Every structure is written in structure tokens, then in C-alpha cells.
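Student: I have just opened this structure for the first time. Could you walk me through it with a few questions and answers?

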Amino acid sequence: MDSPSDSQLDQSFTALAVLSPAGKLIAQGRHRLELRSWCPPQVPLLDLLIIESRRQVAAEDQLDPEAAGVALVDVLSVEPWPGTPGMFAWKLGNVRPIFPKLGPLPARGGLYNVCLRSLAETADT
């Protein structure tokens with residue numbers, strides 16, 4: 001995916017923050033399973049915006065304002081991770097790298113919404 005067009009700027013995406021370098025590996029298609037201690041609200045989860053953060057943002061109220069969007073992916077399935085109770089493997093597919101990276105974008109814990117238009121307007125002021 002190239003830089004967002006005007007129509008893409010109007011979109012709102014569900015986002016998931018991952019710790020660096022996992023975002024880069026996801027965007028390269030080299031990291032196809034994301035391990036979490038929770039499940040997404042539905043599967044498949046399409047057009048999930050992967051935001052790479054340099055800081056751990058496990059809690060919903062934590063924030064890394066220097067994070068960047070690196071890929072759009074689909075969560076195809078979620079399965080319990082063998083041998084580790086309470087952990088789930090999110091199978092990622094349909095990986096679409098974003099180049100150049102979108103940023104800065106907020107990185108928070110859990111799933112959250114990011115509206116690209118409001119972020120672009122904030123950057124212009």
C-alpha cells in the first residue's frame with residue numbers, strides 16, 4: 001500500500017499495536033502468527049492496521065505517540081497456543097505493507113480505532 005489517498009484518509013481502521021521489530025516482520029510477511037492473551041471480538045477480522053511501537057503499550061491508557069502504521073492485515077483465525085494456557089495465536093494473512101510508514105500514529109493496548117482523516121488534519125495545523 002502506498003501513501004494513503006484522499007478516499008483512504010476518510011477511512012477509520014481497527015488498529016493493533018505491536019512492539020518493534022514485530023511490525024516490520026509482519027509487513028515483510030515473515031511474522032504470520034501474533035500471540036496474545038486475548039481474542040479479537042470476531043474472526044475473520046479484516047483490514048487490521050498494524051502499528052509498530054518502540055515502547056510496550058499493554059494497557060489501554062498507555063500511549064506511544066511516535067508509533068507508525070506499517071501494514072494492513074486480515075486475522076484469518078485464532079487458536080489456543082499449544083502448551084501455554086491462556087495464550088492465543090492469531091493467524092495473519094493478506095498482508096499489505098504500507099510504504100512509506102504512516103506516522104506518527106497512536107499506539108495503545110488492545111484493539112482501538114484510528115481515523116486517518118483526523119490525524120492528517122491534526123498534522124496540518
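Student: What percentage of the 125 residues of the chain count as buried?
Tutor: This is a predicted model, where local features need pLDDT of at least 70, side-chain atom pairs count only at pLDDT 80 or more, and totals for chains, interfaces and linings use all residues. Residues are numbered from 1 along each chain as its sequence is written, and side-chain values use heavy atoms, with hydrogens and water left out. Buried means under 20% relative accessible area, exposed over 50%, and partly exposed in between, with a 1.4 Å probe and protein chains only. Of the 125 residues in the chain, the share that counts as buried is 37%.

Student: In which order do the elements run from the N terminus on?
Tutor: Helices (H or I, at least four residues) and strands (E, at least two) are DSSP runs, numbered from the N terminus. There are three helices and six strands in the chain. From the N terminus on, they follow the order α-β-α-β-β-β-β-β-α.

Student: Which are the edge strands of the sheet?
Tutor: Two strands pair if DSSP finds at least two bridges between them. The six strands of this open sheet, with mixed pairing, have the order β2-β5-β4-β3-β1-β6. Pairing on one side only marks the edge strands, which are β2 (33-36) and β6 (111-115).

Student: Over how many bridges do β4 and β5 pair?
Tutor: Strand β4 covers residues 64-80 and strand β5 residues 88-107. One of the bridges sets Asp64 against Ala107 in β5. The two strands pair in the antiparallel sense, and the number of bridges is 11.

Student: Which residue in β5 does Leu35 stand opposite?
Tutor: Strands β2 and β5 run antiparallel and are joined by four bridges. In β5, the residue opposite Leu35 is Ala89.

Student: Is Ser53 buried or exposed?
Tutor: Ser53 has its place in strand β3 (residues 45-53). Its relative accessibility is 0%, so Ser53 counts as buried.

Student: Which residues is Ser53 in contact with, leaving aside its neighbours within four places in sequence?
Tutor: Contact means heavy atoms within 4.5 Å. With those neighbours left aside, the partners of Ser53 are Val18, Leu19, Ser20, Asp64, Ala67 and Ala107.

Student: And how far is the backbone oxygen of Arg55 from a polar atom of the side chain of Ser53?
Tutor: Here we look at a pair made of a side-chain atom of Ser53 and a backbone atom of Arg55. The separation between the polar side-chain atom of Ser53 and the backbone oxygen of Arg55 is 2.8 Å.

Methods
Polar contact = N/O pair within 3.5 Å; in protein donor to acceptor, adjacent residues only side chain to side chain.
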